[in-house]
Amino acid sequence: MDSPVRRTSAIAPSAKNPQARPRRQAAAPLPANSATTTQPPAEEPARRPRGRPRKTAEELDDGNRRRKLMDSAAKLFLTQGFAATSTRDIAAAVGMHSGSPFYHFESKSALLFAVMNEGMTTAVQSQQQALDALAKGNSKATARERLRVLIRHHFEVLLGPHSGFIPVMLYEWRSLTPAQRKSIARVKDTYEAAWMPTLEALARQKTLQAEPGVARLFIFGALNWAVQWFSPKKGKSLDALTDEALALFIRT
């Protein structure tokens with residue numbers, strides 16, 4: 001910023017010169033049409049745009065890299081196991097330097113937790129979307145139809161194209177810290193709790209093969225075990241698998 005112009009102040013006559021200087025006559029006022037120097041109006045500060053600022057290309061790329069790290073880690077944890085998978089393996093799978101994963105995750109354990117937490121959180125959201133879609137298409141959907149949607153969705157989570165997250169949780173639960181397990185358990189409970197109204201409705205109809213709470217445990221135990229033996233190469237679709245599971249759990 002430019003320094004302000006100093007104003008000259010009146011100086012008293014010097015003591016060495018007793019003769020006082022004559023006073024200057026007051027300057028005549030300028031005519032109305034004379035040019036005068038005016039200060040330009042101060043510019044208003046630019047207003048900050050409302051809403052969340054857009055992410056830069058670099059920030060978007062960081063998000064994509066984080067996602068790629070999680071996807072690759074999920075596959076490696078599933079095929080090699082958590083203990084046998086190194087951060088070097090994970091970095092190589094996405095074309096990064098060996099230390100690059102630590103830019104996004106502070107440790108391999110933190111990456112494992114992120115894989116499981118992301119998987120469960122996404123499963124909770126997609127499960128609710130599946131139930132909402134059923135209700136929107138059929139407002140009078142039966143409890144049996146709701147259970148079919150829940151089973152089919154769970155098979156998609158376990159065996160579908162993005163199935164790496166939940167199976168890792170099944171195999172590597174003990175690799176989490178106690179605090180991490182507690183956090184994941186809260187999301188898992190939310191996911192399973194959505195089944196209870198349907199199971200209770202089936203129990204009231206006398207079509208459920210067990211008490212709702214016990215039935216939920218049996219159902220998840222049976223469905224989750226499918227990751228051990230199911231193979232799409234054998235020709236059975238997830239829809240056909242869903243129908244057979246439904247017939248196993250409820251009476252027709």
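Which residues touch the most other members of the largest nonpolar core?

**View 1. The largest nonpolar core of the predicted model.** Among the 53 residues of this core, those touching the most other members are Val 115, Leu 147, Ile 151, Phe 155, Leu 159, Trp 195 and Leu 223. A nonpolar core is here a set of buried Ala, Val, Leu, Ile, Met, Phe, Trp, Tyr and Cys residues joined through side-chain atoms within 4.5 Å, and buried means under 20% relative accessible area, computed with a 1.4 Å probe on protein chains only. The model is predicted, with local features needing pLDDT of at least 70 and side-chain atom pairs counting only at pLDDT 80 or more, whereas totals for chains, interfaces and linings use all residues. Residues are numbered from 1 along each chain as its sequence is written, and side-chain values use heavy atoms, leaving out hydrogens and water.

**View 2. The surroundings of Trp 195.** Leaving aside residues up to four places away in sequence, Trp 195 touches Gln 127, Leu 147, Leu 150, Ile 151, His 154, Ile 219, Phe 220 and Leu 223, where contact means heavy atoms within 4.5 Å.

**View 3. Helix H5 against helix H11.** The axes of H5 (residues 143-159) and H11 (residues 238-249) come within 9 Å and cross at roughly 130°, which means that H5 is oblique to H11. H5 passes H11 in a right-handed crossing. The residues of this contact divide into nine nonpolar, one polar and six charged. Among them, Leu 147, Ile 151, Phe 155 and Leu 159 belong to H5, and Leu 238, Leu 241, Ala 245, Leu 246 and Phe 249 to H11.

Notes. Buried < 20%, exposed > 50% of the residue type's maximum accessible area, 1.4 Å probe, protein only. Axes fitted to C-alpha atoms, helices over the stretch in contact; angles between N-to-C directions. Helix = DSSP H or I, 4+ residues; strand = E, 2+ residues; numbered from the N terminus. Parallel < 35°, antiparallel > 145°, perpendicular 65-115°, else oblique. Left-handed = near helix turned anticlockwise from the far one by under 90°. Nonpolar A, V, L, I, M, F, W, Y, C, P; charged D, E, K, R; others polar.
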